[in-house]
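Please read the following with the sequence and the model side by side, taking each passage slowly enough to locate what it describes.

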Amino acid sequence: MDTRNNLDVKDENKNFRKERIKFTIHNARKSWKIFYRSKYGKAGFYLVLFFVVVTLISPLIIMHNDPTTYIVPEEDFSAAGPLVTAHIPVTINASESPTATASSTTGSNLIYESTPSHIYGISLTGSLHNFLNSSGLMGVNSFTVGRYSSFQTGILSLNTYLLSANNTDIILGKVSWSGTTYGTGNPSVSFTKVSVNNTVLSPISSAYTYHTGESGIPEFNDITYKPAYIFDINGTSSRGYYLNSYYLSGFSAGSHIFTTKLPYDIAPTNYTFYGSLFSTSSSQQVLVTQGTHLLGYSVSGKLVTNDSMPDPISQLYIPSAYQSSSNSYNSIFSISGKFVYGTFISNNTNYIVFQSKFPIVAISSSPGGSGFPGLFTVVSSNNNITILDGPNSVEFSLSTPVAITGITQYSSNFLFYNLKGEYLYLEPGTSHDILWTLDLNAASTRPIIFLDPNTAREAIALVSGDVFHVYSTSPKDLNPIPPTFHTISGQILPLGTTIHGEDVWSQFIGSFSTDLFIGIVVGLGILLISLLVGMVIGYYSGLISSGFETFALAIFLIPGLPLLIVVASIVGPSLYGLIAVLVALSWPFASFTLIGMVRSLKTRTFVDAAKVSGASTFQILRKHMVPNVTPILIYLTAINIGGAVAAVSTLQILGIAPLTVPTWGGMLSGYYSDFFALALAPWWFVPPIVALTLFIFAFIFIARGMDEVVNPRLGGRR
Amino acid sequence: MADAYSNKVLSIENLTVSFDTYKGTVHALRNVNLELYQGEILGILGESGSGKSTIAMSIMSLLAENARIEGNISYMGEDYITAETINKSRSKRGKKILDERLRNIRWKGISMVFQGAMNSFNPVYTIGKQIKEVYKIHTTLSDEEIHGKMLETLKYAGLNPTVLERYPHELSGGMKQRAVIAMALALEPSVVIADEPTTGLDVITQAEIISQLKELKRQNIIKTMIIISHDIGVISQLADNMAILYAGTIMEYGNSRDIYTNSKNPYTVKLLSSYPSIRNAKKYVEGIPGSLPDPIDPPKGCRFAPRCYLAKGRCTESEPELIPLGNGHFSACFFTDEIVSDKEAQNKDIRKAEIHDENIIETKELTKYFDLKSSIAGSLFSRDTKFVRAVDHINMEIKRGEILGVVGESGSGKTTFGRTLLKLYEPTSGSIIYKLEGKEIDVAKIGENKKESKETYMEFRKNIQMIFQDPYDSLNPKMTIFDIVSEPILAHKLTKPIDENVSLMQSDDGNEKTKERRLSPSEITDMVREAMIKANIKPPENYFYRYPHELSGGERQRVATARALVLKTKFIVADEPTSMLDVSSRAGFMNMLKSIRMDDKLSVLYISHDIASTYYLSDRIMVMYLGIAVELGKAEDVINRPLHPYTKALIKAVPTPSVDWNPGEIGIIGEIGNAIDVPKGCRFTKRCPYAVEECGVNPPPLRDDGYGHWYLCHFTQDQLNQFKDSHRERFKTTDEQLQ
């Protein structure tokens, strides 16, 4: 019977507890309502909720988990450095490639550009010269030919020639300048026309096109010593195709050297001259491709090379060093479907240089002065660039964010392009990453690399619509990049980058958890210490209590920031060290508030009443003191959380105790070193400034909202 | 209203004042009509919250910014406050115009003694400088003229000219109040408004102030006056006409005597019967059940209807107008004819309390000195030891079931005595012996932290409880009523024996030999409920989960009482439990205490400065002066046949609503002073009109009348009476002695 009684008691206890919990919840709800009813409380709640939610989902949205060390791919922030951007009064199609050749050691003074109806010269300041009005022009080649007369007197001077054609004529132009030296005064071109029919491809010359400052003795404008030739292919598939050769000297129908019929009735697709700078003409060849066939004719018209590949040859490529000296390893490289072949000129045999799973789009290489080019570049149609250091020997490969259709090269540097205005620049000898990128967002011509007389360095010229661009080959650092969702590497940068190329978004998002963590840990730390200190010192009076109070006062009275700086620099840049320092230096304020509260509570009659009721000191502290200081504790903790974050941010901004984790303050330290960076890159600083402000305000709002709960006069009846 | 006064000085017409607050609109006054004639003293009587001060503030146009005013107030026939002027004053320009108009009325025409103004002197300026400021602001007199005026005014207020050079902290409360009155009289205003002029003063000082005001009126220095008070004694002594205010409406208006003797309003009847009086001996005082209506949502109809014993359906539907009853007597009630003075209630039989012979508590030479060097700085820098002799060698005993009243002015050590009994203060010397169920505990020797006496200490704590003065402070605002009342049960970890065969429940320390268990929640709840019902909180369940701030003062004090009773305690110290309560709930509280005492055979130490209520409640009364018990005896004896000169003065000073009360003959000098530098001999020497040289040298002997009524004096009653006859002059000239 009594057992049951005891069980009843147990049950009763349980029910009682349940009811108490219900009541507590009920009260909490009431307090919550008051809190929520106040505008401050509501704003604070939603702000804190926002920070907590972002913190919780931050691993999902951070994008880069190492935001303090992560730097966005170089291609995203390394861009071509513009030297000249000028509007020209005509619009150039992307397929109409410009050309230039250096006719003096200072470089190329004009960039030549042909449209079907005109040949223009564009000066490096962007002024346009119209050299020829014609029709059906097939594009223009430029090359440099030595002046034989000056060669004989020992001072070599050079002339620039332009070569173009339409259905009826081959047009050869000679550039001359009104000034005393080449490149000064006004340019003019005198044209010579030779009538031909059915020209298949734009004619070529054996003379060298000096894109850059390469050295070597050019061909000459005479027919005795290293004469320069002009080649032309005409014909139709039914009649057959004929290769014609002329001397440049006294170019006319009469300077015709030979005409030879090509062996196949397939339209020739490429032809190029091999050995422009050779000292003798014996090894020089003009190379023609017909479908799968590679044909080479000597300057006297004899077929000396005849090779064939499995697939039609789409591009011929001769490294520049092979043009200047005749070596046994000199090869002609050709693209045949998914293969790259090399054909030895000396013995007419071919070998596979590279095989891809995808069709090959373009090839290029370093000059190759001592054998196979050290860097052989292959672009395949799957947006892949492969760099070879020997036949079938891949040094590395990288994929490109955009499709590439061509390569321009000088020395060991490669400029990839696609006629859509997207350019990638690679220096595989120094870096395996794309050095810089350029995105004009408009169809643009093939770029040419030329020697810029203004800087005596290689520069890049291209035309995009009616805008003429000259770019430096060395990259320009774009950082800080403004917020963008389209980058070359394909990633998005919602908040751009810092001046060092770090992803602001990742740093910003990563800071949420750090700052919230610091705030809450410091807030709770101060809460615990100040509660203990406040209770004990406030409630007991005596020598030890007074001494401890004096000690707390001493800490409190030392100017906060300098002390923080000194202690933080001693403790060093560790997160937990910093938290410990903040807690150790911030508790006195909260403690004093509590000491005051407890001391005033101690004189309240209800404490006496509790003593009279027989409550022990512990019971008085727990039941009477703690509930009465709880609201102020919450208030103080809210303030402390904001304050801790503000203090950490101060240290971070000043660069004291830098952390290896992202914080808003750390993000702002860049601002401290460059005061105008805010104007330069608002996307970098505004987010942490806003976040910090909102964070601190959120907790101040919470504190204000708590005020409504705490202060019954404002809060009304509960 | 009364023809006797030809000249209307001030009239209030349909004054309605409300305050916009966060909670809602507080309706402070509704349709108040009052007229003040030349030479009249109008008393406004009401409980706290009735709107008394709002009337005064409206007249002075000093209401807070959130006030909304309707109606007119005119001074000397000129409407200076109307709804229009007040509403205009919300704009800057309108305010300027109003202020300009008021400048001539304020202080020159109407001056005011603000409530508690004696505590609002600027502590860094001398009194003279602060009085001078009044002249500087309002007049263009030269400094000499001002000085002359000031001396004159001080004389009127009964002050010595030396106070001009004093700082406020150097003056006693009474002197400061006189200075305030002097300031109010400075510009010879035609109307003086005195808002609670004696509240916060001791009874003797109060009597002096009242007689001073009477004298000023007699000399026509105060021409016309409005006196506002919650104390019927003060009002009845001063006022010619009286307005009874309840919840912002005037319930009754008329000649003071008419209202007092022939009340025609149930509220007045009830209110008047709520004041215990030393004249009415121990007649039953009833009080008014319930509390003031919520000023935000006042009841429809008569505002007093919910508490009225006459209320009928009509009362809750429409509001009664002030009905003229002739002879300038008005009452706002539908049933003025049915009102009879509620004599029946007063004649209600008071049960005779059963007082046992055994003592529950005895003090022997109980002494409590406060060391003034309690701080570290104090002990470092001060050389001589100074004590506050708060309680000095007191011997007394309380019998089981007895109520012992302790009276005295503030500073006499009453509260310290009560607290020392409870060991809230550690006694300096002497002993406090509690006799509990045959055991004798000398509380002075036990302590909470001494291990051997811990049990005894808890036993003592269980049986002695206290009710504190301030019910707003003695209840933890963060605890529910249930938690508050159940706290002693939980603090004492009350247990209950359980059956020996069952050891399912273990005590906290796991000791199975303790065949006791903690009380279950329902048992605790039962105890709480029982205590709350005893303390007249019904039904207790409605209060369990409420917080103190939801309760009125009276309810809070009942909760505090329930907490004291919950352990079925044997002895309660009640330290001025009614001083913070409204008049109408005081009587109820006292009656509750009386009935508990009878039902539970409880002993009570009732500490109060209110002699009438102490008389009403107590079986015996002890009179304290500067830490010493000067007289002790049966309540009737002490009140009706006071032996000690101090007691005599004290009882004489209690204002009663009768004409023959003459406080001018209190026969006592000055104020109580402090208990630090006490005279060697009789402590009362300095104020005693009978004092001779010997009094200041030797401590007086205890003189017993043989019936348990004793006093401390060098003289017998016969000797004192002789003195009185021969020194009659001394009693009449207290005013001059002050100077």
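A crossing of two helices is called right-handed if the near helix is turned clockwise from the far one by less than a right angle, and left-handed if it is turned anticlockwise. With that convention in hand, the crossing of α18(B) and α19(B) in this predicted model is right-handed. The contact is made on one side by B:G554, B:Q557, B:R558 and B:L565 of α18(B), and on the other by B:S585, B:G588, B:F589, B:M592 and B:I596 of α19(B). Sorted by class, the residues of this contact comprise 4 nonpolar, 4 polar and 1 charged.

Two packed helices are described by the angle between their axes and the distance between the axes. For helix α18 (residues 553-565) of chain B and helix α19 (residues 583-600) of chain B, the angle is about 15° and the axes are 10 Å apart. Angles under 35 degrees count as roughly parallel, and α18(B) and α19(B) are therefore roughly parallel to each other.

On the α5(A) side the contact involves A:V504, A:F508, A:S511 and A:D515, while α13(A) contributes A:W683, A:W684, A:P687, A:P688 and A:F695. By class, this contact of α5(A) with α13(A) holds 7 nonpolar residues, 1 polar and 1 charged.

The loop that runs between β30 (457-477) and α5 of chain A contains A:P480, and the peptide bond leading from A:N479 to A:P480 is cis, with omega near -5°.

Backbone geometry also draws attention to two residues with positive phi. A:N441, which is not a glycine, has a positive phi of about 55° and lies in the loop between β28 (434-439) and β29 (448-452) of chain A; because 10 other C-beta atoms are within 10 Å, A:N441 is exposed. In chain B, phi of B:M76 is near 55°, likewise a positive value in a residue other than glycine, and B:M76 is placed in the loop between β4 (67-75) and β5 (78-81). With 15 other C-beta atoms within 10 Å, B:M76 is partly exposed.

A:H118 belongs to strand β3 (residues 118-123) of chain A and is partly exposed, with 17 other C-beta atoms within 10 Å. Once neighbours within four places in sequence are left aside, A:H118 is in contact with A:N130, A:L132 and A:N133. The C-alpha atom of A:H118 is separated by 30 Å from that of A:Y148, which is 30 residues away along the chain.

What does each chain look like as a whole? In chain B the secondary structure comes to 25 helices and 26 strands, and buried residues make up 48% of its 739 residues. Of the contacts in chain B with a separation of 6 or more, 68% are between residues 24 or more positions apart. For chain A, the mean pLDDT is 86, and 97% of the residues reach 70 or more. Over residues 714-718 of chain A, however, pLDDT stays under 50, and the model has 11 contacts beyond four places in sequence for this stretch.

Technical notes
Residues are numbered from 1 along each chain as its sequence is written. Chains are lettered from A and ligands numbered from 1 in the order in which they are written. This is a predicted model: local features need pLDDT of at least 70, side-chain atom pairs count only at pLDDT 80 or more; totals for chains, interfaces and linings use all residues. Two residues are in contact if their C-beta atoms, placed from the backbone, lie within 7 Å. Helices (H or I, at least four residues) and strands (E, at least two) are DSSP runs, numbered from the N terminus. Ala, Val, Leu, Ile, Met, Phe, Trp, Tyr, Cys and Pro count as nonpolar, Asp, Glu, Lys and Arg as charged, and the others, Gly among them, as polar. A residue is buried if 20 or more other C-beta atoms lie within 10 Å of its own, exposed if 12 or fewer, and partly exposed in between; C-beta atoms are placed from the backbone. pLDDT is the predictor's confidence in each residue, from 0 to 100. Axes are lines fitted to C-alpha atoms, for helices over the stretch in contact, and angles run from 0 to 180 degrees between N-to-C directions. Angles under 35 degrees count as roughly parallel, over 145 as roughly antiparallel, 65 to 115 as roughly perpendicular and the rest as oblique.
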